[in-house]
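Morning, everyone. I'll take you through one structure, starting with a helix contact and ending with a cavity. Here it is.

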Amino acid sequence: MAEVPNRRPVRARTGGGSGPVTRAAVLAAALEIIDRDGVEGLSMRRLAEAVGRDPMVIYRHVPNKAAVLDGVAEIVFAQLAVDAADPDWAAQLRAVARDFRRLALAHPRVVPLLVTRPLATPLGLRPYAVVRPLEDILQLLTRAGFSGTDALHIYRAVFGFLYGHVLNELQEIVERPEETDDVLRLGLHRLPIGQFPLLRELAPVLAAYDGAAELERGLDILLTGLSATLPGPGR
């Protein structure tokens, strides 16, 4: 269960800077700003201050804020590794899902960029690092014996579940963490008991939310169902 995050100011690096500015350095600084203040806290001016250069230097590497946001999603996705040669396709998908959750929890304010921003761009125009997991998972599944169409279906099912899971986990905000009563911890006392009896009744379950356990349970259900209904390995 996540606590309400504290916002911390970004300490910009002032001065003229030294050495060449690279696109990687610009995007790393942007990721740091977003991690601290969210997407709304990022501006080209603040980014230039963080890098310690004139804004015109930044524009040589990223033409606008949209390109910065795409680049931030790119460098986070680049950390998602898929072993397309793994003979156990289900175990590999489970490992990828765990890795994606780890990245999401490490960069919670970047998650909207990972989940929604690529979808607003045609597949062929997305950065290679964003598309690479899809290609690698298709290779993993077709090597395991699934058809290309079924492999794509499995990818969409797994990542659709995964995106929904991390968004849900990050929204599990505790209103009053100091309280011992679960209804008060979650702020459910604000809801009329006559209209929301089940939510009030399930307060202990809601308060005991375990993101890792929920992920594993969801993957169990999803992967078991896919294995049973799609022709593939051994069928």
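First, a definition. A helix axis here is a line fitted to C-alpha atoms over the stretch in contact, and angles run from 0 to 180 degrees between N-to-C directions. Keep in mind that this is a predicted model.

Now the helix contact. Take helix H1, residues 23-37, and helix H4. At what angle do their axes cross? Roughly 90°, and the axes come within 9 Å. Angles of 65 to 115 degrees count as roughly perpendicular, so H1 is roughly perpendicular to H4.

Who makes the contact? On the H1 side, Arg23, Leu27, Ala28, Ala30, Leu31 and Ile34. On the H4 side, Val68, Leu69, Gly71, Val72, Glu74, Ile75 and Val76. By class, the residues of this contact divide into 10 nonpolar, one polar and two charged. Gly counts as polar in this scheme.

Next, the aromatics. The structure holds six aromatic pairs. I'll show one of them. The ring centres of phenylalanine 77 and phenylalanine 100 sit 6.2 Å apart, and their planes are at 40°, so this pair is tilted. Where in the chain are the two partners? Phenylalanine 77 is in helix H4, and phenylalanine 100 is in helix H5.

On to the cavity. Rolling a probe the size of a water molecule over the atoms shows where empty space is left. How many cavities of 30 Å³ or more are there? The count comes to one. The largest cavity holds about 40 Å³ of space.

Look at its lining. Val76, Phe77, Leu80, Phe100, Leu103, Ala104 and Leu114 line the largest cavity.

Which helix gives the largest share of the lining? H5, with three residues. Helix H4, 65-77, and helix H5, 89-106, each supply at least two. By class, the lining has seven nonpolar, no polar and no charged residues.

Key. Residues numbered from 1 in each chain as written. Predicted model: local features only at pLDDT ≥ 70, side-chain atom pairs only at ≥ 80, totals over all residues. Heavy atoms only, no water. 1 Å grid on protein atoms, 1.4 Å probe; cavity = no way out; pocket = protein on both sides within 12 Å on 5 of 7 lines; lining within 4 Å. Points joined across faces, edges and corners; volume = space filled by probe spheres on them. Helix = DSSP H or I, 4+ residues; strand = E, 2+ residues; numbered from the N terminus. Parallel < 35°, antiparallel > 145°, perpendicular 65-115°, else oblique. Contact = heavy atoms within 4.5 Å. Phe/Tyr/Trp six-rings, centres within 6.5 Å; stacked < 30°, edge-to-face > 60°.
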